[in-house]
Structure formats: C-alpha cells, structure tokens
Amino acid sequence: MHQRNQTTTSEFILLEFSSQAEQQNVLFVLFLGMYPVTVVGNGLLIMAISLDSYLHTPMYFFLANLSFADISSISTSVPKMLRNIQTKTQSIYESCLTQMYFSIVFIVSDNFLLGVMTYDRFVAICHPLHYTTIMQSRICALLTVIPWVLSNVVALTHSLLLIRLIFCDSILLHFFCDLAPLLKLSCSDTMVNKIVLFVMGLSVIIFPFALILFSYIHIVRAVLRISTTEGKWKAFSTCGSHLTAVLLFSGTIVGVYFFPSSTHPDDTDKIDAILFTVVTPMINPFIYSLRNKDMKGVLRKLIS
C-alpha cells in the first residue's frame with residue numbers, strides 16, 4: 001500500500017461520462033432540460049396538493065412526500081454534474097460524504113414511500129368502507145415519518161462505516177458520490193461495508209416489495225370481482241401507473257447494488273443510476289397526474 005496515494009473521504013475527483021467535447025455538450029443540454037422539468041413538475045404537484053383542500057387525502061399526502069423526495073434526490077447530483085460539464089473541469093468534490101448521505105436518504109425514502117402508497121391503494125380498493133377509519137391522520141403521519149427515519153438510519157450507518165476507510169485512489173468513475181463506486185476505491189478491508197450494504201439494501205428492497213406484492217395480489221382479486229368493465233379499467237389504470245414507477249425504480253436499484261459489477265461495464269451502473277436518480281423523478285409527475293382527473297383539474301386551475 002502506498003501512503004502517498006491515499007486520500008480522505010471528502011476529496012474525490014468525479015469523472016462523469018465522456019471526455020469528448022461534443023458528447024459533453026449533448027449531456028449538458030440533456031440534463032439541463034431534465035432537471036427543471038423534474039423540479040417544476042414535482043413542485044407543481046406539491047403546490048396543487050397543498051393549496052387544494054379536495055386533495056388533502058392520504059393518497060395525495062404520500063404523493064407530496066414522494067415529490068419532495070424526488071426533487072431532493074435529483075438536486076443532490078445533477079446541479080454539480082452540470083457545473084463540472086460547463087466549466088470543463090474534473091474538480092475535486094469536497095463534500096462527497098455529504099452528497100452520498102443525502103442521496104441514500106432520498107433514494108431509500110422513495111422506495112419506502114412507494115410501498116406506503118401501494119398500501120394506501122390496497123385499503124382504498126379492498127376495504128373502502130373502513131378507509132377513513134384505517135387511514136386516519138395519526139396513522140398517515142406515522143407512515144410518512146417512518147420512511148424518513150429509516151432512510152436516515154441507513155444513510156448514517158453507511159456514512160459512519162465509510163469514514164473509517166482509507167482510500168488509495170481519488171478518481172471516482174461516476175457522476176455523483178455513490179456508495180458502491182466509493183468502496184471500490186478503498187484499500188482498507190471493506191468486507192463489513194459490503195455485508196452491511198447487502199443486508200440493509202436487501203431489507204430496503206424486500207420490505208417495501210413484500211408490502212407491494214401483498215397489496216397488489218389483494219387489489220387484483222378485488223378488481224376482478226368488480227362487475228363493470230369501466231370500474232375494472234379505472235382501478236387497473238390507477239394501480240398500473242403506480243406499478244410502472246415501482247418497477248422502474250426498484251429494478252434499476254437492484255441492478256446497480258445487487259449484481260456484481262464485474263459482470264457489466266461501469267457505464268451500465270451509471271445508466272442504471274441515472275434511471276433511478278434522474279429519469280424516475282422526472283416522469284413521476286406525469287405518471288401520477290396524466291391519468292388522474294382530480295389532479296389534472298387542480299393543475300389546470302393552478303397554471304391558469
């Protein structure tokens with residue numbers, strides 16, 4: 001081990017995608033367009049839900065939290081990446097650990113909130129007469145606080161374990177300070193970190209997925225018992241949008257953190273990371289508003 005090659009966890013050089021100027025310009029325009037669309041889209045959802053009393057229901061309360069997490073998630077990585085591309089520098093990022101912490105918080109919160117939103121739809125469709133009793137304000141507040149608390153616990157655990165490591169290389173082949181690429185740069189024993197990453201990551205995926213699977217099995221059974229075709233289509237349409245977001249978000253996370261990186265190139269990890277940190281937050285407002293008559297009506301009033 002060469003001591004002169006070691007650096008601290010707060011100083012890493014981010015190497016995003018391509019070093020070619022033309023490709024850099026394309027990426028800059030692409031992400032410059034995606035970022036404001038995400039912020040404005042999710043911001044409008046939060047504003048609409050906050051201002052219209054008709055939308056003060058558990059479903060929209062959870063959606064507002066999801067939109068906030070999406071705005072925060074994309075804001076932890078994209079602005080810095082745009083600055084690096086614009087200045088044409090591979091500058092040292094002096095708050096790498098901070099960026100990693102908050103990216104974990106918002107990504108994990110997203111995953112848990114998707115599970116909570118599925119449970120809300122399960123209660124609404126399978127137990128409509130008891131919906132207001134089950135999803136009362138105290139329960140909704142608890143179901144919202146738990147994802148944020150758990151996500152901070154996960155992020156804090158990984159951050160504390162990362163601080164103790166010594167790094168032999170400062171060049172991070174990623175567009176933000178992500179945990180898995182950071183572990184590759186360490187010349188310390190990262191076995192504990194990898195075990196914790198696997199166990200915690202698996203728990204973060206399995207628990208919401210189990211809740212989603214349980215809810216959708218019962219939702220499908222309940223929908224199939226609906227006598228009218230229109231009623232079935234309305235129920236499946238609402239749940240289909242949510243299921244699309246779940247599959248896109250969870251599928252890419254599994255691909256990045258649970259499949260060995262040796263089986264695919266580093267660019268694959270970057271593309272998958274873009275899907276759950278940039279693309280999913282951008283399309284969520286469209287997924288949850290285009291097929292929702294109530295939300296579309298409120299957004300029209302808000303924009304006009």
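**View 1. Helix α2 beside helix α6.** The axes of helix α2 (residues 58-75) and helix α6 (residues 137-163) come within 10 Å of each other and cross at roughly 20 degrees. Here an axis is a line fitted to C-alpha atoms, for helices over the stretch in contact, and angles run from 0 to 180 degrees between N-to-C directions. This is a predicted model, in which local features need pLDDT of at least 70 and side-chain atom pairs count only at pLDDT 80 or more, while totals for chains, interfaces and linings use all residues. Residues are numbered from 1 along each chain as its sequence is written, and side-chain values use heavy atoms, with hydrogens and water left out. Helices (H or I, at least four residues) and strands (E, at least two) are DSSP runs, numbered from the N terminus. With that crossing angle, α2 and α6 are therefore roughly parallel to each other; angles under 35 degrees count as roughly parallel, over 145 as roughly antiparallel, 65 to 115 as roughly perpendicular and the rest as oblique. α2 passes α6 in a right-handed crossing. A crossing is right-handed if the near helix is turned clockwise from the far one by less than a right angle, and left-handed if anticlockwise. On the α2 side you will find Pro58, Phe61, Phe62, Asn65, Phe68 and Ala69, which meet Cys140, Leu143, Thr144 and Trp148 of α6. Sorted by class, this contact has eight nonpolar, two polar and no charged residues. Ala, Val, Leu, Ile, Met, Phe, Trp, Tyr, Cys and Pro count as nonpolar, Asp, Glu, Lys and Arg as charged, and the others, Gly among them, as polar. Contact means heavy atoms within 4.5 Å.

**View 2. Helix α4 alongside helix α8.** Helix α4 (residues 96-126) packs with helix α8 (residues 191-224) at an angle of about 20 degrees, and their axes are 9 Å apart. α4 and α8 are therefore roughly parallel to each other, and α4 passes α8 in a left-handed crossing. Among the α4 residues that take part are Val108, Phe112, Tyr119, Arg121 and Ile125, while the α8 residues include Val204, Pro208, Phe214, His218 and Val223. By class, the contact of α4 with α8 has 18 nonpolar, five polar and one charged residues.

**View 3. Helix α4 against helix α6.** α4 also packs with α6, at an angle of about 150 degrees and with the axes 8 Å apart. That makes α4 roughly antiparallel to α6. α4 passes α6 in a right-handed crossing. The residues in this contact divide into 20 nonpolar, five polar and no charged ones.

View 4. His242 has its place in helix α9 (residues 229-257). At 4% relative accessibility, His242 counts as buried; buried means under 20% relative accessible area, exposed over 50%, and partly exposed in between (1.4 Å probe, protein chains only). Setting aside neighbours within four places in sequence, the contacts of His242 are Leu114, Met117, Thr118, Tyr216, Ile287 and Tyr288. Tyr288 is 46 residues from His242 along the chain, yet their C-alpha atoms are separated by 7.4 Å.

**View 5. Ser77 in a loop.** Look for Ser77 in the loop between α2 and α3 (78-87). Ser77 is buried, with a relative accessible area of 2%. Leaving out neighbours within four places in sequence, Ser77 is in contact with Gln99, Phe175 and Phe176.

View 6. Asp272 is found in helix α10 (residues 266-289) and, at 15% relative accessibility, counts as buried. Met47 is found in helix α1 (residues 21-51) and is partly exposed, with a relative accessible area of 41%.

**View 7. The protein as a whole.** Stepping back, the secondary structure comes to eleven helices and three strands, in the order β-α-α-α-β-α-α-α-β-α-α-α-α-α along the sequence. Of the 304 residues, 47% count as buried. Among contacts with a separation of 6 or more, 78% come from residues 24 or more positions apart.
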